[in-house]
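I set out to record what I looked up in this structure. The entries follow the order in which I consulted it.

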Amino acid sequence: MPKLDLSQIPVRGGSSYPGKLAEAVAGRFNQGVGDAGGLTQFGVNIVRLEPGALSSLRHYHMQQDEFLVMLSGACTLIDDQGEHEMQPGDCASFPAGEANGHHLKNMTDAPASFLVVGTRTPTETAYYSDIDMMVEMDAKGFSFTRKDGSPLTADQIGDET
């Protein structure tokens with residue numbers, strides 16, 4: 001089954017970010033095309049950003065490479081070097097272990113999409129550049145903490161309890 005029927009692959013919204021942090025990516029939708037094709041060594045997703053939406057909170061990965069290519073619309077890549085306009089065909093790469101926090105923001109009034117490819121490793125640690133947060137991932141799932149490993153605070157995630 002080399003050719004995938006995109007109309008048959010679910011599009012998912014939402015986020016694994018805790019509490020109010022998920023609000024930043026409310027207009028992001030992912031389509032897991034690599035999983036649908038049976039790929040196991042790397043992930044491939046088509047990501048759609050509605051106007052004003054972010055692809056993620058600004059982050060960088062310690063074990064996993066990331067690569068993206070713009071498919072449609074326009075986004076702004078925001079990283080430690082500033083803002084970079086991204087048009088269809090433009091590419092960006094983020095090598096594992098390079099502490100360059102990055103994300104895309106759709107600053108236009110039309111939807112935009114990009115293809116993102118990333119390494120799959122048994123474990124991963126990612127750090128968030130603009131907030132005191134890291135995530136550790138393993139076979140059990142995600143664990144969000146402060147960068148020193150202590151629990152996130154109610155103020156950080158908007159939890160009233």
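**Entry 1: The chain as a whole**

I began with burial and found that 38% of the 161 residues in the chain are buried. I note here that the model is a predicted one. I then looked up the secondary structure, and the chain holds two helices and 13 strands. Its radius of gyration is 16 Å, close to the 15 Å that the globule rule gives for 161 residues, so the chain is as compact as a globular protein of that length. For its extent, I recorded that the C-alpha trace spans about 45 × 35 × 30 Å along the principal axes. Among contacts with a separation of 6 or more, 61% join residues 24 or more positions apart.

**Entry 2: The largest pocket**

I next turned to the largest pocket, which contains about 1,300 Å³ of space. I found 43 residues in its lining, and R28, N30, N45, H61 and F142 lie nearest its centre. By class, the lining comprises 16 nonpolar, 20 polar and seven charged residues. Which strand gives the largest share of the lining? I found it to be β10 (residues 112-119), with five residues.

**Entry 3: R58**

I located R58 in the loop between β3 (42-49) and β4 (59-61). Is R58 buried or exposed? R58 counts as buried because its relative accessibility is 13%, and the cut-off for buried is under 20%. I then examined its partners. The side chains of R58 and D80 are joined by a polar contact of 2.7 Å. A polar atom of the R58 side chain also lies 2.8 Å from the backbone oxygen of G101. Beyond its neighbours within four places in sequence, R58 has contacts that include I78, H102, Y127 and D130.

Key
Residues numbered from 1 in each chain as written. Predicted model: local features only at pLDDT ≥ 70, side-chain atom pairs only at ≥ 80, totals over all residues. Heavy atoms only, no water. 1 Å grid on protein atoms, 1.4 Å probe; cavity = no way out; pocket = protein on both sides within 12 Å on 5 of 7 lines; lining within 4 Å. Points joined across faces, edges and corners; volume = space filled by probe spheres on them. Helix = DSSP H or I, 4+ residues; strand = E, 2+ residues; numbered from the N terminus. Nonpolar A, V, L, I, M, F, W, Y, C, P; charged D, E, K, R; others polar. Buried < 20%, exposed > 50% of the residue type's maximum accessible area, 1.4 Å probe, protein only. Polar contact = N/O pair within 3.5 Å; in protein donor to acceptor, adjacent residues only side chain to side chain. Contact = heavy atoms within 4.5 Å. Rg over C-alpha atoms; globule rule 2.2 N^0.38 Å.
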